[in-house]
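Work through the exercises below with the model open. Each task is followed by a solution in steps.

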Amino acid sequence: MSYGLTKEEELLKSSVADFVRQEQSLERIRELREDEWGFSRDIWMKMAELGWFGLFFPEEWGGFDGTFKELVIVMEELGKGLMPEPFISTILVSGNSILLGGSEEFKNEILPEMIEGNLIMAGGFAEMQSRYYLNDVCTVAKEKNDDFFVSGTKTFVEAANSADKFIISARTSGGQYDDCGITVFLIDAESDGVSLSPVITMDGIKRFHVAFDNVKVGADKILGEKDEGYQLIKEVVSRSTVGLIGEMLGGMEQAFDIVIKYLKQRIQFGRPIGSFQALQHRCVDMWMEIELSRSAVLETALQFDTNADSREITLSIAKARCSNAYKHIGSEGIQMHGAIGLTDECDIGLFLKRAKVAEVTFGDADYHYERYERLTSAMN
Amino acid sequence: METDKELEEFRLEVRQWIRENKPEVVGDFGTPSYYKWGKILYEKGWAVPSWPVEYGGSGFSPQQLVIFQQEMMAADAPALRSTGVNMIGPLIMKLGTDWQKEYYLPKIPSLEHFWSQGFSEPDTGSDLASLTTEAVLEGDEFVINGKKIWTSYAQYCNMMFLLVRTKTGEKKQDGITFLLLDVDQPGVELHPIKLIIGKSEFCETFLNNARTPKRNLLGEIDQGWKVAKALLANERVGILDRPNLVGINLDRIKEYAKKVVINGKSLFHDPILRRRLTKLEMDQACTRFTNNRIIAALSQGLAPGPEAAFAKLYSTELGKRINDTMMGVMGPDSQVFIDEKSAEDEMEISRLFLFAYAATIAAGSSEILRNIISKRILGLPSV
């Protein structure tokens, strides 16, 4: 365990960086707005071939037993390119749900297919009213004989229209806010009673509200234990958040790079605007936020790798910091660009939009302050 | 490299030794308890732990050094003054003559020499290179005339390293020379400056035909600016070792709040205070994580890069916010300035609050550090 990168980690970092440079121009983000899937299947398969989907999964299902540190290395580079492929929804949320909650049969059937890129899954734990609280579940699953009948709506589900399977939380007992009584189901996308309504979101990634109307699911499609799903989805979302903050770190670095380049090249009053101290000092504050975020992301990954007692606390520190920092870089970036920063052709706006979506994914800064307070008072 | 087990044993050994040997209270430089503690460290061979063994260092590995510093911090045990240990000492090792090394270095751990820093002048603050104190070589001696200011603790020091002008060139950075000076002489007069905290930490130093032999020239004549720049990076790291300069311990705020009931409600359970503390704790945690990165880079033999300027800038600004929060928690009691009950070596919160401003001004003000980072790291153009 170390803060610096090993040779292998350096190699991984540069291979992802090379790939992003080759395959991704930010122009693709604009083109994909019109695309049905919102991402490229071709690039998805290439990512699979490079082995990145298996990086964090055990060898027995075709993975490489990687570390969280490697996860953030990959995510940081993907984040620099604003890669729209549904890595978090399919690999992190859904893949971890199967890994941690699936039977041996499910793992054998699903994980190798997912790792090879053939299977797209979408995780849906959020609802209209739940904001970031995974225990707030109104979607119900009623048990009849050996089947369950699921009714309710999951919100902002990424890549739902390309997904073969959904992984969702539903209430099998207890009240709306109870930790107990939540069950996680694996549902075929083609089941009767599933309908999608597209939601156009700021970053251009395809998201859907997915409605379940009395959808029949067999009892054998439960992940983890019945009524005990809360622990499972908490762990899945924590792991996925480690990936997300890695992505956010990469995004803010790239956005900052764009800003600095612009300040060096834009001439006003006969000199580059980057020579004005009013802007320079604000840039230094932006840079410090990135460095603090980098420290927090790295520390989180290392603590997840050693399963440290404080890992969840550190995760909240990091997500709160990255949420504020990414937004800050994007917002200052637009201001420093001036009017051109408001245009769609200028790249900086893409980053602010992604920052705002990433901020409200898995909890914004206010949520994580509150979560930190809960976790630290439990420890004291 | 040591195994984890060996490092843990080392940690316990250091902890136990400090517990058994440190006086209960160790005051700031100038108080009797400070000298007593310094002598104990010297006799143990731990006065200048980071130095090479030949000059009195402890021979610790980088990991052991980190552990040693962590244990000292945790026990509120101050290290010897940074001005000698981290600033002029290493500089003499790097650039000094054999005579300078042999004569000056051993006198730092043995407490024979205490060094002050003569850089700033009344008209030369952040624009350090515009200094005008003049030195003229007469025979084998430099004769120095001018005024230095903010010479920290100069009243307790017997040596000073200073920047003087030996030539007026086109560029103000040219013609500056770095000299070592014995201050126990008639040409040097010290006037302590009373600060807003009520004490005198700094002096104004008058140099009227002060003399120093030519062998006290460090580096080359007229090339002192380069020497000074190397020194300032060390000064910034040194500031972080001083708890008084980076804000009080956040636990102190909580302990205080636990005892306060405002209009029937416990302040400790006030959600607004809790949220303020959460944000401060998170900020502090992120600086700790950044320090871990710096330590990792150091132990791999990499030089601490921009992180030193960054750590100083962020931590000292954070320190002011922390102290201000403590003042708010104390409410009306925060205005108490000199408390009769407080021990001689202790500072009241109100004085710590005021003193923390020194940290964001000394060793490169926050604004100067932003200039440096903007130019050297971000590569933004100068005017």
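**Exercise 1. Describe how domain 1 of chain A meets domain 2 of chain A.**

Step 1. Count the residues in contact, where contact means that the C-beta atoms, placed from the backbone, lie within 7 Å. Domain 1 of chain A contributes 16 residues and domain 2 of chain A contributes 14 residues.

Step 2. Find the main contributor. On the domain 1 side, helix 5 (residues 87-101) of chain A gives the largest share, 7 residues. Helices (H or I, at least four residues) and strands (E, at least two) are DSSP runs, numbered from the N terminus.

Step 3. Sort that side by class. It holds 8 nonpolar, 7 polar and 1 charged residues. Ala, Val, Leu, Ile, Met, Phe, Trp, Tyr, Cys and Pro count as nonpolar, Asp, Glu, Lys and Arg as charged, and the others, Gly among them, as polar.

Step 4. Chain A is divided into domain 1 (7-119), domain 2 (122-227) and domain 3 (231-379), with bounds from an automatic or database domain assignment.

A note on the model: it is predicted, so local features need pLDDT of at least 70 and side-chain atom pairs count only at pLDDT 80 or more, while totals for chains, interfaces and linings use all residues. Residues are numbered from 1 along each chain as its sequence is written, and chains are lettered from A and ligands numbered from 1 in the order in which they are written.

**Exercise 2. What are the overall dimensions and burial of chain A and of chain B?**

Step 1. Apply the globule rule, 2.2 Å times the number of residues to the power 0.38, with the radius of gyration taken over C-alpha atoms. For the 380 residues of chain A a compact globule would have a radius near 21 Å, and chain A agrees with its 21 Å.

Step 2. Turn to chain B, which has 11 helices and 10 strands. Its radius of gyration of 22 Å is close to the 21 Å that the rule gives for 383 residues, so chain B is as compact as a globular protein of that length.

Step 3. Read the boxes along the principal axes. The C-alpha atoms of chain A fill roughly 80 × 50 × 40 Å, and those of chain B roughly 75 × 50 × 45 Å.

Step 4. Take the burial. A residue is buried if 20 or more other C-beta atoms lie within 10 Å of its own, exposed if 12 or fewer, and partly exposed in between. In chain A 51% of the 380 residues count as buried; in chain B the buried share is 37% of 383 residues.

**Exercise 3. Which residues have the most contacts inside the largest nonpolar core?**

Step 1. Define the core: a set of buried Ala, Val, Leu, Ile, Met, Phe, Trp, Tyr and Cys residues joined through C-beta atoms within 7 Å. The largest has 127 residues, and A:Phe185, A:Val259, A:Val297, A:Ala301 and A:Ile317 have the most contacts inside it.

Step 2. Name the main source. Helix 7 of chain A gives the most to this core, 18 residues.

Step 3. Examine helix 7 (residues 229-265) of chain A. Its 37 residues reach 54 Å from first C-alpha to last, close to the 54 Å expected at 1.5 Å a residue, where the expected span is 1.5 Å times one less than the number of residues. Of these 37 residues, 29 are buried.

Step 4. List neighbours, leaving out residues up to four places away in sequence. A:Phe185 touches, among others, A:Phe148, A:Val150 and A:Ile168.

**Exercise 4. Is A:Ala318 buried or exposed?**

Step 1. Locate A:Ala318: helix 9 (residues 311-337) of chain A.

Step 2. Count neighbours. A:Ala318 is buried because 34 other C-beta atoms lie within 10 Å.

Step 3. Identify contacts, again leaving out residues up to four places away in sequence. A:Ala318 touches A:Ile245, A:Ala296, A:Val297 and A:Thr300.

**Exercise 5. Which helix supplies the largest share of the side of chain B that touches chain A?**

Step 1. Count both sides: 24 residues from chain B and 26 residues from chain A.

Step 2. Assign the chain B side. Helix 8 (271-299), helix 9 (307-330) and helix 11 (366-376) of chain B each supply at least two residues. The largest share, 12 residues, is from helix 8 of chain B.

Step 3. Sort by class: the chain B side has 14 nonpolar, 6 polar and 4 charged residues.

**Exercise 6. Where do the non-glycine residues A:Arg131 and B:Asn209, with positive phi, lie?**

Step 1. A:Arg131 has a phi of about 50° and sits in the loop between strand 1 (121-124) and strand 2 (140-144) of chain A. A:Arg131 is exposed, with 12 other C-beta atoms within 10 Å.

Step 2. B:Asn209 has a phi of about 55° and lies in strand 7 (residues 202-213) of chain B. B:Asn209 is partly exposed, with 13 other C-beta atoms within 10 Å.

Note on methods
Two residues are in contact if their C-beta atoms, placed from the backbone, lie within 7 Å.
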